[in-house]
Every structure is written in structure tokens, then in C-alpha cells.
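Biologist: Please show me the model, and let us then go through the terms applied to it one by one, setting each value against its definition.

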Amino acid sequence: MQPVKTQHLVRVASLALALAILNPQLSTVFAQGSLTPPGAPAPTMKTLAQIEARTPISYLPFVISQPGSYYLTTNLTDTAGTNGIIVEADNVSIDLCGFVLAGSGGFSLSSSGLSTGFVTRNNLEVRNGTVCHWGFSGVRAMYANNSRFEKLRLCGNGSDGLSAGYGCTIRECVTLTNSSNGIYARDASVIASCTAVSNGFYGIQVEGNGVVENCTASYNQDLGIVGGKSSTVRGCSAVGNWNAGILVDDYATAVDCVANTNGQAGFYNHGIFGGNYSIISRCTAIGNFHDGIYALGGSTVENCTAGLNRTNGIRMGIGGAVRHCTARANGDDGIEVPNDCLVLANHCTGNGQSTATGAGIHTTIAGNRIEGNSVIFNQRGLWIQGGANLVIRNSARYNPNGTGTNNYVIAGGNDVGPIGSAATATSPWANISY
């Protein structure tokens with residue numbers, strides 16, 4: 001017979017074996033861990049490169065010759081009269097981190113805050129800081145293509161505030177008192193949500209096939225906003241610029257824009273100027289020093305408002321169309337067209353503020369179709385010069401000055417619907433005087 005202690009140990013072992021069979025995980029309960037000590041402790045702190053992988057810029061001039069990400073560590077001031085940051089590589093990102101790149105002032109062709117030189121660069125990004133008082137440009141990147149510039153303030157530079165290459169994006173930048181352009185970008189670029197004030201030449205300019213949207217240009221010494229051939233200027237405002245407020249070149253579009261009190265001098269001294277075959281749509285031109293809107297041959301002006309401009313509200317080139325516009329209280333004509341134009345369903349009132357010959361609608365040559373317009377309280381209602389114009393279904397009242405004696409001033413040789421009152425008119429082509 002086994003001793004009591006031995007019997008107890010056998011029972012415990014039997015019970016443990018049975019539990020292990022029922023639940024294999026319990027088979028490790030009584031296993032012993034390894035007695036071999038672990039290796040040396042591994043480092044737990046991150047390296048500096050892991051914490052801040054970018055390269056700091058802490059002095060000027062600074063040359064970037066390798067791709068990568070760079071950042072300013074403090075405000076930096078030019079003391080050598082050279083370029084501040086020189087980019088000599090593609091695929092470079094520069095974060096100014098809210099700091100200032102300050103030039104030493106005075107005009108100098110070799111002193112820009114940031115320069116890519118005359119060699120084509122690609123994929124540059126510059127953002128978030130101030131670049132002021134450099135002898136030439138703030139950011140000189142005219143040969144940097146497919147690049148991005150964002151949240152920059154550019155002021156008091158000796159040439160452009162910012163110049164960029166092909167296919168670039170420029171967003172949320174502010175340019176002030178630069179001696180040349182505020183912002184300039186080459187073809188196929190987008191300039192959005194930017195402001196240009198009191199620059200010495202153009203406020204904002206994009207070359208062909210570009211876009212300028214939601215921008216403001218005020219009190220620049222030449223043109224306010226310029227869109228090159230086949231470009232789009234959308235949702236922009238131009239106020240007090242010395243030449244035209246907004247200019248779009250041939251085949252370009254200006255839409256949802258406002259141009260007020262522009263054009264004191266210059267060849268394009270109008271509120272909005274459109275090149276050949278341009279489209280100007282849903283725009284407002286108020287109080288400009290010459291025409292409110294002037295568009296060259298083959299252009300379309302539609303759903304626009306032009307008022308209180310010193311000469312004409314809307315003036316067209318050959319073969320253009322003016323549709324569904326309002327022209328009110330302009331100094332000369334509300335709408336003026338030369339030949340082969342369509343003038344359809346416009347409302348012209350109170351024009352001729354500066355001359356007794358100012359008309360609601362004025363044709364100066366021949367071959368125009370004038371249809372379905374309303375002319376009220378102008379010095380002359382419809383003033384049709386030249387021959388072979390078609391004048392139908394218009395209405396006129398109180399031209400001039402409430403008398404109605406000049407509702408229709410029409411030269412001979414035109415095809416004119418009968419003129420009478422609505423009560424007596426029987427022709428569907430009748431022009432109404434009321």
C-alpha cells in the first residue's frame with residue numbers, strides 16, 4: 001500500500017493529465033520558461049531624420065542641388081545682393097513655415113528671393129511665407145513647370161512678385177506693390193483665389209489656355225487681370241486698375257466677373273475687353289472710364305450689366321452678338337455695334353448721359369439684326385445708321401427725356417417692322433412706341 005503523500009501526488013498528476021487532454025492550452029501551465037537571457041536592449045528613441053525628415057534652410061544664399069523637402073527655420077534676410085534660395089534640382093518642396101525671406105531692396109537682376117534660373121525645372125512646390133523687397137522677383141520660377149505655389153505673400157519686389165512656368169497651380173497668394181506684374185504664369189496654368197494690389201504693371205496674368213478664378217485685382221498701374229488665348233477668367237473682380245480691369249484674348253471667356261472704375265488710361269481702357277471670338281457672360285461693368293464692355297469681332301456678350309460707364313455700356317466688333325443684357329445710364333450709347341451683328345432682347349435705359357446723341361442701341365454701319373429690345377429714356381431710342389439693317393419687334397418709350405420724339409431714328413434703306421402702338425399693330429414684326 002502506497003503512503004498517503006504518494007497517493008496525493010498521483011491524484012494531482014492524474015488530474016492535470018486529464019485537464020490537459022480536455023484543454024490543450026492548459027498543458028503549458030506547468031512548462032518552465034527559457035533560462036537563456038535576452039539580447040541587449042534595442043534603442044527606443046526615434047532618430048532626428050525620423051522626427052524631421054526635411055532639410056532645414058537657416059542661411060542665405062542657399063543652393064538646393066538635390067530633390068527633397070526643405071523648410072525655413074527662421075526669418076532670413078539677404079546681405080550679399082544675390083539670389084536667396086537657388087533651386088538647381090527637380091522634385092523640390094520648400095515650406096517657408098510662415099517666415100520671411102527679405103531682400104535688401106534696390107533694383108538688381110541677380111537678386112530674387114527664390115530663383116530657378118534659366119534652366120527648365122519640374123515639380124517645384126513653394127508655400128506658406130512672405131517674400132518681400134528683393135531687387136528682382138520675389139519668386140522667379142518662369143522655367144519651373146508643373147509646379148505649385150501656395151499661400152505666399154509677395155510685396156515690394158523690383159520686378160514680378162511671382163512668375164511661374166507651364167502647367168502650374170498658384171493658389172491663395174497675395175501680391176502688393178511689386179514693380180512689374182503681381183503674378184505671371186505661362187500656358188495651361190491655374191491661378192485661383194489670389195489678390196493683386198497696386199503692382200506696377202499687370203495685377204494677374206496667365207498665358208494661353210489658362211484659368212484665373214476667384215481672384216481680385218485692384219489699383220494696378222496697367223491691366224488688372226489678363227487671360228491669354230483660349231483662357232478662362234471666372235468669378236473675378238477688377239477695381240480701379242489704370243488700364244482695362246479684365247482683358248481676355250482671342251477665343252477666351254470671361255464669366256461671372258465684375259469690373260468697376262477701371263481704364264483711366266491705356267489702349268484697352270475699358271472695364272472688360274474681349275479679343276476676337278471671345279465670350280463675355282454674366283459679367284458686370286460699372287463706372288469705368290471708357291466702355292464698360294468692349295469685345296472684338298465674332299464675340300458674344302450675354303446676360304451682362306453695364307452701367308454708369310463714361311462712354312458706351314457695351315461695344316462690339318464686326319459680326320458679334322449681344323443678348324439679354326442691361327445697359328443703363330452710360331455716357332454715350334447703351335449698346336453700339338458696327339455691322340453684321342445680332343442685338344437681341346436687351347434692355348437699355350437712361351443712356352446718353354454725356355451727349356445728346358447717345359442711344360439705347362446704335363448701329364454705325366450695316367447688316368445688323370436688331371430684335372426684341374427695350375429702349376427707355378435714352379437720348380435716342382434706336383439709332384440705326386447705315387443700310388440693310390433688320391429692325392423688328394422692339395419697344396421704345398420716352399426717348400429722349402420723356403418726350404418720345406426720338407424713339408426710332410432710322411436711316412433709309414433698312415428693313416424695319418411697322419412702328420406703332422401695341423393696340424393698333426397688326427404685324428408680328430411691329431416695333432412698338434408707347
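Modeller: We may begin with a charged pair: the side chains of Asp 291 and Arg 315 meet in a salt bridge, with N to O at 2.7 Å. This is a predicted model, in which local features need pLDDT of at least 70 and side-chain atom pairs count only at pLDDT 80 or more, while totals for chains, interfaces and linings use all residues. Residues are numbered from 1 along each chain as its sequence is written, and side-chain values use heavy atoms, with hydrogens and water left out.

Biologist: What makes Asp 95 buried, and what makes Arg 54 partly exposed?

Modeller: Asp 95 has 11% relative accessibility and therefore counts as buried. Arg 54, at 24%, counts as partly exposed. Asp 95 and Arg 54 form a salt bridge, their closest N and O atoms being 3.2 Å apart. Because Asp 95 lies in strand S6 and Arg 54 in the loop between helix H2 (48-51) and strand S1 (55-57), the pair ties together parts that are 41 residues apart in sequence.

Biologist: How do you know that Glu 213 and Arg 234 form a salt bridge?

Modeller: The closest N and O atoms of Glu 213 and Arg 234 are 2.8 Å apart. Glu 213 lies in strand S21 (residues 211-213) and Arg 234 in strand S24 (residues 232-234), so the pair ties together parts that are 21 residues apart in sequence. Glu 213 is buried because its relative accessibility is 17%, while Arg 234, at 35%, is partly exposed. A search of the whole structure finds eleven salt bridges.

Biologist: What makes S6 a paired strand?

Modeller: Two strands pair if DSSP finds at least two bridges between them. Strand S3 (residues 68-72) is joined to S6 by four bridges, and the two run parallel. S6 also pairs with strand S10 (residues 124-132) in the parallel sense, again over four bridges. Ile 94 of S6 is the bridge partner of Tyr 70 and stands opposite Val 126 in S10. Along S6 (residues 92-95), Val 92 and Ile 94 point one way and Ser 93 and Asp 95 the other, and all are buried.

Biologist: Why is the link of Cys 132 and Cys 155 called a disulfide?

Modeller: A disulfide is a pair of cysteine sulfur atoms within 2.5 Å. The S to S value for Cys 132 and Cys 155 is 1.8 Å, so the pair qualifies. Cys 132 is in strand S10 and Cys 155 in strand S13 (residues 148-155), 23 residues apart. Cys 132 and Cys 155 are both buried. Cys 257, by contrast, is in no disulfide: the nearest cysteine sulfur, that of Cys 283, is 4.6 Å away. Cys 257 counts as buried because its relative accessibility is 1%.

Biologist: Which residues touch the most other members of the largest nonpolar core?

Modeller: A nonpolar core is a set of buried Ala, Val, Leu, Ile, Met, Phe, Trp, Tyr and Cys residues joined through side-chain atoms within 4.5 Å. The largest has 77 residues, of which Ile 85, Ile 94, Leu 124, Phe 149, Ile 170 and Ile 191 touch the most other members. Apart from this core lies another, of seven residues, among them Tyr 202, Leu 223, Leu 247 and Tyr 294.

Biologist: Why is Ser 112 called buried?

Modeller: Ser 112 counts as buried because its relative accessibility is 0%. Ser 112 lies in the loop between strand S7 (100-102) and strand S8 (114-115).

Conventions. Buried means under 20% relative accessible area, exposed over 50%, partly exposed in between (1.4 Å probe, protein chains only). A salt bridge is a side-chain nitrogen of Lys or Arg within 4 Å of a carboxyl oxygen of Asp or Glu.
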